[in-house]
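Thanks for coming, everyone. Let me put the model up, and then we'll walk through it.

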Amino acid sequence: MKIAMSWFNDYVDLSDIPPKEFADAMTMSGSMVEGVESLGAEIENVVTGKILSVEKHENADSLQVCMLDIGGQMLQIVTGATNVGEGQIVPVATHGAKLAGGMSIKKGKLRGVVSEGMLCSHEELGITAAELGYEPEYGILILDGGTPVGVDIKEVFGLNDNVAEFEITSNRPDCQSVIGLAREAAVTFGRPFSLPVPAAQGNKENVADLARVDVLDQAYCPRYCARMIKNVKIAPSPAWLVRRLQASGIRAINNIVDITNYVLLEYGQPMHAFDMRDVAGAHIIVRRARDGEMITTLDDQQRKLDASMLVIADGEKAVAVAGVMGAQNSEVKPDTAVILFESANFDGASVRITAKKLGLRTEASSKYEKGIDPSLTEAAVNRACQLVEELGIGEVVGGMIDVCGKLPPARSLTLRPEKINAFLGAQIDTAFMIKTLNALGFGVDEAAMTVSVPSYRADVESEADLAEEIVRIYGYNNIKSTLMAGEITKGGKNAGQKLEDKVKAAMAAQGLYEILTYTFTSPAVFDKLRFPADSPKRNVVSIQNPLGEENSIMRTTTLASMMEALERNYSQRNEAVKLFEIGRVYLPQPEQTLPDEKNIVTLGMYGGVDFYDIKGMVEELFDSIGVKVYSFTPAADQSAYHPGRCAMITIGSDRAGYVGQAHPDVCDAYGISEACYLAELSFDALSGAADNAKTYKKLPKYPAVSRDLALLADDAVLAGDIAQIIEKAAGKILDSIKLFDVYKGPQIPQGKKSMAYSVTLRAADRTLTDQEIGKVMDKILESLECSAGVKLR
Amino acid sequence: MKEQLEQIKAQSMQELESATDLQGLDEIRIKYLGKKGALTSVLRGMGALPPEERPQAGALANQARAAIEAAIEQKDAQLSGQARKAQLAGETLDVTMPGRRHKAGKLHPLTQVLDDVKDIFIGMGFSIAQGPDVELDYYNFEALNIPKNHPARDTQDTFYIDENVVLRTQTSPVQVRVMEKQKPPIRIIAPGMVYRSDAVDATHSPVFHQIEGLVVDKGITMGDLKGTLEVFAHALYGADVKVRFRPHHFPFTEPSAEMDVSCFVCGGEGCRVCKGEGWIEILGAGMVHPKVLAGCGIDPEVYSGFAFGLGLERVTMRRYDIDDLRLFFENDVRFLKQF
Ligand SMILES: [Zn+2]
């Protein structure tokens with residue numbers, strides 16, 4: 001909220017404090033100042049002057065020569081304006097003056113006549129018609145006849161003021177007001193704070209005889225105060241009042257409405273003024289709206305209400321949505337003669353819900369939402385009446401209607417200075433604590449060491465809150481920084497967290513870049529990924545209020561996020577892209593409120609890679625994290641993958657994931673016209689199998705022998721099966737098997753493939769003899785032939 | 001005999017002198033010292049000498065062989081050196097041509113910064129805790145002293161799954177989950193994804209990351225909060241940054257604070273990055289609210305604690321001067337390669 005800083009001086013004298021110092025100190029005591037704007041920063045050396053004479057310019061018909069008194073000094077100024085006349089008070093830019101927009105004024109001659117400055121229009125002073133509160137006539141700005149001569153124009157228009165913008169935290173509704181902030185400033189700078197009790201004289205009548213208020217829902221309206229003004233003279237407000245509203249970003253409307261806004265800013269209490277002509281039977285009824293009841297609010301919108309909303313009504317109709325906005329049917333009009341000021345306390349939660357339902361957040365509703373001190377209503381309505389009397393714009397009727405339920409009693413808290421010091425880690429004097437609390441408006445019983453909390457500080461509920469009150473004034477930065485004493489904690493990462501780091505390192509080492517993606521996605525991805533209609537992955541956690549369809553469900557697969565990342569890179573023409581992610585999927589669980597959140601390691605790539613590259617990366621990952629027992633078996637049933645180029649990955653005996661080429665339809669769906677490769681691995685499966693235990697095996701002492709085998713196998717025979725057969729047949733002396741060539745072509749019969757293996761044999765305790773080797777190789781070939789029909793070529 | 005040897009020696013020396021390559025040198029070696037070489041044939045002729053002359057002649061022959069061998073060796077060394085030099089000259093590479101690299105990938109910049117943050121706190125005895133993204137309203141709000149209809153719920157535009165389940169708007173619910181399970185002393189950080197119903201632009205994202213911290217023990221003070229977070233700030237931003245704490249408000253801490261560090265771009269003078277303030281807000285913190293402790297079954301009269309939370313994206317953007325939040329989730333490798 002923005003406040004003209006001069007306003008604070010009504011309650012605490014801050015006139016000597018530079019704006020920057022004010023902003024810093026307030027920020028450090030808890031009222032964050034976002035910035036301070038200096039209103040008339042551009043304007044210099046412009047004073048008020050009285051026109052003593054106006055004569056025609058001797059050389060130009062369109063110009064006039066004025067003699068001015070600017071307070072003990074005479075100036076001759078030439079002007080082209082036609083609205084000047086003797087006796088007027090006008091703004092005079094003297095030699096060296098600076099005006100709005102950076103214009104500067106110098107002495108000079110105009111068509112041969114000396115001109116010692118310039119007379120100014122409101123625009124040249126950077127003042128809008130709205131700020132003036134009226135539309136001035138074209139030409140020089142003619143000031144009020146009573147304006148003193150020779151004073152700085154900035155003083156006349158309050159342009160020497162600064163406007164501070166505060167960011168007030170939600171726990172401090174009391175600081176959403178000039179008085180609340182003035183109190184904070186007084187404590188911050190250690191200055192006296194004076195809050196006079198506003199009072200209006202009022203006439204001999206009593207408002208209770210002229211109007212009646214019934215509150216039918218005291219829970220939603222704990223207090224309703226009202227006072228009446230007769231013989232109202234609706235007119236523009238005086239400039240000083242308009243300026244203060246303007247500084248806070250509130251447009252001036254007329255004197256009565258402006259007063260309600262002025263009090264809103266000053267006290268933080270929203271007010272409303274009803275034209276009594278429009279209140280049937282002079283009877284205000286505070287009641288729930290009827291379902292479907294219609295009202296046209298001041299912003300010219302027809303709104304439909306329901307029974308959860310509170311309205312202000314008369315016997316016939318609603319005249320306001322309580323705490324939100326008044327109705328057009330009872331607004332203050334130019335000929336309004338009798339008004340009723342409403343100053344009421346409404347339940348914050350109910351106002352919040354109503355404003356939300358109506359899509360209508362107003363200055364008033366946002367104040368009520370945060371909770372307003374119910375004791376403010378009386379002071380605020382009296383302040384409004386006091387202003388009416390001060391401005392002489394109406395006759396205040398005596399008395400006040402005050403419909404007040406039982407207000408909560410003042411909260412009492414125990415103050416234990418030693419406990420607070422122990423909590424803060426400080427040695428703050430008890431005297432300082434008491435002084436601070438007193439200055440903030442708390443009552444302190446020094447004998448009992450109890451603190452009574454003022455009604456405007458409903459946020460202070462416990463000793464910790466008292467500690468904050470004390471320490472923010474003492475200064476957070478005056479608390480000595482310490483390092484935690486007490487029991488040592490070991491800390492560090494657990495096994496799963498360490499494994500996550502290792503997986504990431506292993507993937508990066510193989511040239512993959514880590515990505516991070518949104519965990520919510522669109523239901524459309526299941527079709528893009530070709531998931532069957534009955535896929536369990538289509539069972540999702542849905543967001544009730546998503547930003548859009550595309551982010552409306554929690555993902556059950558990471559493949560879509562990966563394909564989107566590949567898509568983006570592909571569309572940017574990035575070549576050979578290899579990515580990985582460790583991220584969560586969210587699987588609904590029957591009978592459980594929360595889904596199962598599982599981490600999935602996802603790999604995705606295109607360009608210069610094939611199936612065996614991505615499979616190799618998975619194997620390399622297993623190797624680096626110590627997953628030893630795993631296998632790959634063909635998986636034609638994974639619809640997102642190429643049916644002939646996908647393997648299910650099994651770790652131990654558990655399914656751990658899949659690796660393969662993305663189905664070409666999937667690539668098409670993501671606009672990628674290159675082959676993409678994907679792998680998804682359950683992090684839990686990795687975590688269950690990863691084994692850091694390493695044992696040293698002695699380096700071999702005896703030489704190894706290699707034999708090459710050129711085999712002829714049916715297409716359907718899998719390399720994995722051949723390897724298993726060889727392993728089994730060779731037994732203990734098998735050192736390694738390497739498949740170094742697979743060939744299909746002219747020399748090979750249709751439906752067959754040639755596979756070249758290098759088999760290495762080694763015994764740990766001797767050099768193998770030719771005879772031994774021959775026997776083993778024969779056994780291998782025999783097994784291959786009878787188990788898989790594989791023959792030597 | 002003697003003359004013969006002298007002559008062989010002289011002739012070989014002469015030939016050696018004019019040898020220009022290792023092959024020529026080899027030929028000389030064979031010609032004089034080989035099985036059919038000149039010296040060998042002289043030695044063979046020794047059998048014809050009278051026995052008493054043989055020792056002297058033998059000595060002479062050995063002398064001649066040694067002399068020739070030494071000369072050959074010397075020449076060999078000389079010619080080998082020349083040959084190696086010539087070879088090396090022919091093998092000169094353009095060392096300014098690009099190296100052949102095995103490209104490693106990289107971790108996401110957010111991960112890299114998070115790893116730094118984790119390391120700092122692990123060094124102070126913190127563990128890492130985790131909690132679910134899809135969270136009970138109770139943990140995300142109510143247990144944190146944010147009841148239904150609390151105005152703070154409006155500022156955190158929440159994605160709802162149903163009335164009682166939300167996408168967590170902060171990592172703070174992990175605090176509650178940890179306190180319910182673990183008895184003090186507690187020192188944890190809890191990094192994770194959080195969700196707010198914000199439309200995407202350069203500074204807003206419906207998904208971002210926070211790092212929560214929690215310490216609970218006997219005798220934990222606000223001074224400890226300051227000291228711990230100052231250590232963190234200095235470790236992350238350098239020992240010479242200045243740190244300040246400003247009063248603030250969070251429903252689940254009391255007193256609450258925001259921590260600023262002096263702008264690491266301008267050093268506190270005021271610049272674009274710090275919006276002329278000289279300070280940059282880094283994190284929110286506070287003493288754990290007694291209501292929150294009590295709600296987790298921890299007696300606030302016995303224990304106290306502090307909590308803090310920071311936005312990972314914000315810290316990372318400032319570290320690398322990244323001006324658009326969207327880049328983190330677009331995963332363009334041209335971006336990812338830069339870190
Ligand atoms: Zn800066």
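Which domains does the domain assignment of chain B give? Domain 1 covers 2-90, and domain 2 covers 109-336. Keep in mind that this is a predicted model. Now look at where those two domains sit. Taken over C-alpha atoms, the centres of domain 1 and domain 2 of chain B are 88 Å apart.

Next, the interface. How many residues does each chain put into the contact? Chain B supplies 87 residues, and chain A supplies 81 residues. Between them, chain B and chain A bury about 7100 Å². Carbon and sulfur atoms give 56% of that area.

Let me point at one. A:R416 pairs with B:E301 in a salt bridge. Their closest N and O atoms are 2.9 Å apart. Between chain B and chain A, 41 residue pairs are in polar contact, with both residues at pLDDT 80 or more.

Which element of chain B gives the most to the side that touches chain A? That is helix α9, residues 222-237, with 8 residues. And the make-up of that side of chain B? By class, 38 residues are nonpolar, 23 are polar and 26 are charged.

Start with A:T27. You'll find A:T27 in helix α1 of chain A, residues 19-29. Is A:T27 buried or exposed? A:T27 has a relative accessible area of 8%, so A:T27 counts as buried. What does A:T27 touch, leaving aside neighbours within four places in sequence? In its own chain, A:M32 and A:V33. Across in chain B, A:T27 is in contact with B:R246 and B:P247.

The second residue is A:F580. This one lies in strand β29 of chain A, residues 577-587. Why does A:F580 count as buried? Because its relative accessibility is 0%, and the cut-off for buried is under 20%.

Within chain A, they include A:K504, A:M507, A:A508 and A:L512. Also among them are A:Y513, A:E514 and A:I515. Then come A:M562, A:T602 and A:L603. From chain B, A:F580 is in contact with B:L107.

One last distance. A:F580 and A:V742 are 162 residues apart along the chain. Their C-alpha atoms are separated by 30 Å.

That's my tour. Over to you.

Technical notes:
Residues numbered from 1 in each chain as written. Chains lettered and ligands numbered in written order. Predicted model: local features only at pLDDT ≥ 70, side-chain atom pairs only at ≥ 80, totals over all residues. Heavy atoms only, no water. Contact = heavy atoms within 4.5 Å. Buried area = accessible area lost by both parts, 1.4 Å probe. Salt bridge = Lys/Arg side-chain N within 4 Å of Asp/Glu carboxyl O. Polar contact = N/O pair within 3.5 Å; in protein donor to acceptor, adjacent residues only side chain to side chain. Helix = DSSP H or I, 4+ residues; strand = E, 2+ residues; numbered from the N terminus. Nonpolar A, V, L, I, M, F, W, Y, C, P; charged D, E, K, R; others polar. Domains from an automatic or database assignment. Buried < 20%, exposed > 50% of the residue type's maximum accessible area, 1.4 Å probe, protein only.
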